[in-house]
Amino acid sequence: MKSIKTFAGFIGSIVLFLTGCQASDSKTNTFKFWYDQPAAEWMQSLPLGNGRIGVMVYGGIEEETLALNESTLWSGQYDEQQQRPFGRKKLDELRQLFFDGNLADGNGIAGNAMHGTAHSFGTHLPMGDLKIRFTYPEGKISQYQRELDLHTAVSKVTYRAGNVNYTRECIATNPDDAIVWNIKADKPGSIQMEISLDLLRNAEIRAEGNQLIYTGNAEFEKHGSGGVLFDGRIAVKLQDGTVEANEKTLSIKDATEVMLVADIRTNFKSTVFAGYDYKKVCKETTEKVLGADFTSLRERHIADYAPLFERVDMSLGDGRYNKLPTDKRWAQVKEGVADPDLDALFFQYARYLLIASSRPNSPLPVALQGFFNDNLACHMGWTNDYHLDINTQQNYWIANVGNLAECHTPLFGYIKDLAHHGTKVAQDLYGCKGWTAHTTANVWGYAAVSGSIAWGLFPTASSWLASHLWTQYEYTQDKKYLAEIAYPLLKSNAEFLLDYMVIDPNNGYLVTGPSISPENSFRHEGGNYCASMMPTCDRVFVEEIFSYCIKASEILGMDRPFADSLRTSLQKLPPFFISERNGGLQEWFKDYEEAHPNHRHTTHLLALYPYSQITPDKTPELAAACRKTIENRLATPDWEDTEWSRANMICMYARLRDTKEAYASLQQLLGTLTRETLLSMSPAGIAGAPYDIFIFDGNAAGAAGMAEMLIQSHDEVIDLLPCLPEQWKNGYFKGLCVKGGGEMSANWKNGKLAGASLKATADNSFTVKVPKEGKYAIFINGEKTEMTPDAKGLVTLMLKENDLVEIQ
């Protein structure tokens, strides 16, 4: 069996620089959300975040609402008894039932004995609302506008009350680590306001001088005992006027400008770092930020944020709808109007949200909602946690290609902690060395099976999550990171897989199991079952992890005997199969009948995307089977069309180079599975939810699919504009990253490539595919070369770090 090829074998990375890339044109790519009315509900408010603390800004006129969140505000606590012991002997006995074809008893025993016991699982929780009530001069309200500028990460509200103009701005600053809100009137003494808190947590609130102080705990009985302790502060500084502290409010009169600083700290770090005084940190941070002026804070914030955001630029349209409010443009898309500039805004919004939620100094990675918590998911049985059967992974699909590699960092710290706890689960449940984790995880080290095996018996969730460690290396070529962070975790997971897998006596294949294909089930001999031996997704993950470790061993020059054992094991994996029932890629080792053909999960298709074990060029029959699976699912009545499953369709259709269907899925995502602020949502009726719920993954994975439409770099070939829809017939991008360590730019006219460039960050060899019908000259560091694309449109270049290649 042929294993996947990646860029890892390259010795460096290169650069192609696209000659003729257009400069940013504010008329066509203004990355700004704006509205002519305040938000009426949470989903209409605008998010700000600094990687730890976040706020949703409503922009109200008589009453402003700032919904406060902090990433470590979690209920729950560590549970040493999360996984009941099962062990190798029982596992061997259970497997024999499956090998004998006794799926009924096998599923029964597994369901009764292998599920976890989440006594104190917990969930991320929102803090609640900061309320600011205004009294205005006599006269009508006019000239209202609220906006979020993605170039600066500044939320702004402007309006006129009577004869006074008001300007409000809000930032979530990473350098100063706080939320800062500022209001200014253009006539002295025109600000009258009262500040209060409407919290969702159990807290004591008091006013002292110019501050509101609140302390409490994040216990939430619905998801078990325990929870962090927290301390929060709201502090104000005035130009002119007075501030009066009442029992639980602050009243401000006759001010010309007011700056408000908000911070929240929890004792979550105290569980890791002895001596961390969260109350002291909150007090000192608030007072330090309050000592600065808003202009300086704003400048520091932009200087920190903007260089990250501006790494990538994009234009896909002609700006014809940019003068309309964002909600009006969104409404047009719902009616079937294509708005390429809104597509580009959606792409950049995903990058913005990742910067807002996941920075190198973030204490935690992005959860199901990040920390933009609407107080809905945490009330569901599935909670605002870490879902490791696609959602957490999708949250980071845009990180590398979107030129935000450092935003991946918190995820790697989380994986390291999860692996520590997953070592015990691997031993207790399976009698295996190495580490594993399953479908649902929290911040307290939960690596056990969920409460039901139907969605929880998924030990290769750990492998799926760990694959991000390798993706980071593919894009960055950072050997120090590979040696010190990625490889040790990948190797330990590979050790688990080696110890966990067993030879199937019926056919001689090396298989996993019993395990599930999340979160699906099948029919067999009159029963519905979820567990079987070697579901296809497990085979995908095993090949990925083993291949990564083999390549890492070669790159680092170590662990050759271990790598050899992995090579031997790869040869024993079963092949992919095409179902005789439906013509699709077989989801399980045996051709079972799907119990839920409308199900949203298609985990076996990961072989197509984000991995490349199956591609249209390399394995056309299997790629056609993947297409058939997609078509079958979409054609099934009541297909579970969710934000993340629709984003998946964009990615997979882009990999299949199906321009029409990829763009149709993007329109479906934007038109029916986002809201006025383009936040993606899981619709009512999915997974038991009675209402629409914001979920982070649709934004990130949808943008990753857009990137896949513009550039692909799997299988050691950079493919420019592989899935360019007619709606994007003129445009450009710059700064998207490719595997091997390069930054790519391109521009095109009438759907044809006009020029491209690649900037190398290390010594490397790249093969670039350009359209065969075009004629292109190639320049390296300004000098024309004699190289020309071959009959397939491929050109291979050996470059040194900082070499610049132009194709024009």
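The following dialogue explains how to read several features of a predicted model.

Colleague: How many helices and strands does the chain have?

Modeller: Helices (H or I, at least four residues) and strands (E, at least two) are DSSP runs, numbered from the N terminus. In this chain there are 18 helices and 38 strands.

Colleague: What does the radius of gyration say about the chain?

Modeller: The radius of gyration is taken over C-alpha atoms, and the globule rule is 2.2 Å times the number of residues to the power 0.38. Here the radius of gyration is 27 Å, close to the 28 Å that the rule gives for 808 residues, so the chain is as compact as a globular protein of that length. Taken along the principal axes, the C-alpha atoms fill a box of roughly 85 × 65 × 50 Å.

Colleague: How should I read burial, and what percentage of the residues is buried?

Modeller: Buried means under 20% relative accessible area, exposed over 50%, and partly exposed in between (1.4 Å probe, protein chains only). Of the 808 residues in the chain, 64% are buried. Accessible areas come from the Shrake-Rupley method with a 1.4 Å probe, and for residues only the protein chains shown count as cover. The accessible surface of the chain comes to about 28000 Å², and carbon and sulfur atoms hold 49% of that surface.

Colleague: What share of the contacts joins residues 24 or more positions apart?

Modeller: Contact means heavy atoms within 4.5 Å. Among contacts with a separation of 6 or more, 70% are between residues 24 or more positions apart.

Colleague: Is Ser492 buried or exposed?

Modeller: Ser492 is in helix 12 (residues 479–500). Its relative accessible area is 18%, so Ser492 is buried. Leaving aside neighbours within four places in sequence, Ser492 is in contact with Gly434 and Trp435.

Colleague: Which side chain forms a polar contact with that of Glu640?

Modeller: A polar contact is a pair of N or O atoms within 3.5 Å; within protein, one must be able to donate a hydrogen and the other to accept it, and residues adjacent in sequence count only if both atoms are side-chain atoms. The side chain of Glu640 has such a contact, of 2.7 Å, with that of Arg600. Glu640 lies in the loop between helix 15 and helix 16 (643–655) and is buried, with a relative accessible area of 19%. Apart from residues up to four places away in sequence, Glu640 touches Asn598, His599, Arg600, Ser645 and Ile686.

Colleague: Which peptide bonds are cis, and where do they lie?

Modeller: The omega angle describes each such bond. From Pro518 to Glu519 the peptide bond is cis, with omega near -25°, and Glu519 is in the loop between strand 23 (510–511) and strand 24 (522–524). Another cis peptide bond joins Tyr609 and Pro610, with omega about 10°. Pro610 is found in the loop between strand 26 (593–594) and helix 15 (620–635).

Colleague: Which residues have a positive phi although they are not glycine?

Modeller: Asp177 is one of them, with a phi of about 55°, in the loop between strand 9 (164–173) and strand 10 (178–185). Asp177 counts as partly exposed, at 22% relative accessibility. Asn781 has a positive phi of about 50° and lies in the loop between strand 35 (778–780) and strand 36 (783–784). At 43% relative accessibility, Asn781 counts as partly exposed.

Technical notes. Residues are numbered from 1 along each chain as its sequence is written. This is a predicted model: local features need pLDDT of at least 70, side-chain atom pairs count only at pLDDT 80 or more; totals for chains, interfaces and linings use all residues. Side-chain values use heavy atoms; hydrogens and water are left out.
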